[in-house]
Amino acid sequence: MTTSQAPDDTRPPDFRQTEALAPEHAHLDTLDVPGLVRAFTDDQLRAVQAAQAAAPALSRAVEAALPRLQRGGRLVYAGAGTSGRLGVLDATELTPTFSWPVERAVPLIAGGEKAIREAVEGAEDDAELGAADVRAAGVGPDDVVLCLAASGTTPYPRGAARQARALGALTVGMANNPGAPLLAEVDCPVLLDTGPEVISGSTRLKAGTAQKIALNTLSSALMVRLGKVYGNLMVDVRASNTKLEARALRLVQHGAGVDEPAARAALTAAGGQVKTAIVMLRRGVGADEAARLLDGVQGHARAALDGPGEVTG
C-alpha cells in the first residue's frame with residue numbers, strides 16, 4: 001500500500017453525525033426571521049462545547065508541535081472545502097498578528113488557490129493529490145501538518161496525513177465525527193464532536209466554527225510559547241497599516257508604562273518593533289542592546305526583562 005492509498009473503510013456512511021438529520025430543525029423553512037436567527041446562533045454553542053471538550057487533545061498537540069517549531073519547522077495546513085479555507089485563513093493571519101514568516105505557514109487546499117473561492121470538482125476525493133501537495137511543499141521531520149476534515153473521511157487530507165507522517169512530520173488531525181478514519185491516521189487526533197447541523201450536512205456551520213476555534217487555540221498557544229506575546233500583548237505585531245501602527249504605539253505605552261511621546265520615540269528607534277521598544281524602555285538601553293538581549297533568549301520579552309537593571313516604570 002502506498003502512502004496515499006486509503007485503508008479499507010467498511011463502516012456505513014451513516015456513522016458521520018455531520019451528515020445526519022437534526023429532527024429539532026425539521027421545520028426550519030417555516031420559521032420567521034427571529035426564529036431562524038435564534039436557531040442558527042443557539043446551535044453554535046455546540047461548537048464551543050466541542051472545542052472545550054477537545055482541550056486535552058489540543059494541549060497534547062501544542063506540546064508535541066512546539067519543539068519542532070523551535071527547531072525552525074513550519075505549520076502546514078491541509079484540507080478541502082470549508083476546512084481547507086479555514087486552514088488558509090489561520091495560516092494567513094499568523095503573519096500580521098505575530099510576524100510569523102510567510103514561508104513557515106503553508107496552506108494546502110484541495111484544488112489549489114482557485115478552491116478558496118470556487119469548488120474544484122473531484123479535488124477533495126483525490127488522496128494522491130493530498131500526498132503530492134505534501135511532497136511538493138517539501139514537508140520534513142521538523143514540520144507540523146494540520147489535516148482538517150469535518151467528516152474525517154475526505155481523501156485529500158487523509159492522503160496528506162499519511163504522506164506527511166511517512167516523511168517524519170508531526171501530524172495533527174481535526175475531525176467532527178467520532179470514529180473518523182482521519183483521527184486514526186495522525187499522531188495527534190483532535191475530535192470536535194458537533195453532531196448534526198441545523199441545515200443538514202452544511203458543515204460550514206458549527207462544524208466549521210469548532211474547527212476555527214480549535215485552530216485559533218492551537219496556533220495562538222504556540223505563538224505564546226514561542227515568545228510572540230508579552231503578558232497578553234501581541235508584541236510581535238507587524239504594523240503594516242495605519243490601524244496597526246496606532247495599535248503598536250498603544251502596546252508600547254502599555255507594555256513599558258510610558259507616555260505617547262516616549263513610546264513613539266522608542267518605537268521609531270526600534271524600527272517599528274514593539275518588543276524591542278518595550279525592552280529598550282524598561283531596561284534603559286538602546287535599540288541594538290535591546291535586540292541583543294532578545295536574541296539571547298530566543299525573542300522572549302519577559303526573559304529579556306528579567307536581567308539586572310530593569311526599569312519597572
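Is alanine 214 buried or exposed, and what is its relative accessible area? In this predicted model, alanine 214 has a relative accessible area of 0% and is therefore buried, since buried means under 20%.

Alanine 214 lies in helix α8, and, when residues up to four places away in sequence are not counted, it touches Leu58, Met174 and Leu192. Alanine 54 stands 160 residues from alanine 214 in sequence, yet the C-alpha atoms of the two are 8.2 Å apart in space. Threonine 95, which belongs to helix α4, counts as buried at 10% relative accessibility. The two residues are set side by side below.

| Residue | Helix | Relative accessible area | Contacts beyond four places in sequence |
|---|---|---|---|
| Alanine 214 | α8 | 0% | Leu58, Met174 and Leu192 |
| Threonine 95 | α4 | 10% | Trp100, Pro101, Val102 and Arg238 |

**The packing of α4 and α8**

The helices that hold these two residues also pack on one another: α4, formed by residues 81–98, and α8, formed by residues 206–225, meet at an angle of about 30°, and their axes are 10 Å apart. Angles under 35 degrees count as roughly parallel, and α4 and α8 are therefore roughly parallel to each other. Their crossing is right-handed. On the side of α4 the contact is made by Ser83, Leu86, Gly87, Leu89, Asp90, Glu93, Leu94 and Phe98, while α8 contributes Gly208, Gln211, Lys212, Leu215, Asn216, Ser219, Ser220 and Met223. By type, the residues of this contact divide into 6 nonpolar, 7 polar and 3 charged. As a general point, an α-helix has 3.6 residues a turn, so residues three or four places apart point the same way.

Just after α6, glycine 168 takes a positive phi of about 90°.

Definitions and conventions: Residues are numbered from 1 along each chain as its sequence is written. This is a predicted model: local features need pLDDT of at least 70, side-chain atom pairs count only at pLDDT 80 or more; totals for chains, interfaces and linings use all residues. Side-chain values use heavy atoms; hydrogens and water are left out. Axes are lines fitted to C-alpha atoms, for helices over the stretch in contact, and angles run from 0 to 180 degrees between N-to-C directions. Angles under 35 degrees count as roughly parallel, over 145 as roughly antiparallel, 65 to 115 as roughly perpendicular and the rest as oblique. A crossing is left-handed if the near helix is turned anticlockwise from the far one by less than a right angle, and right-handed if clockwise. Contact means heavy atoms within 4.5 Å. Ala, Val, Leu, Ile, Met, Phe, Trp, Tyr, Cys and Pro count as nonpolar, Asp, Glu, Lys and Arg as charged, and the others, Gly among them, as polar. Buried means under 20% relative accessible area, exposed over 50%, partly exposed in between (1.4 Å probe, protein chains only).
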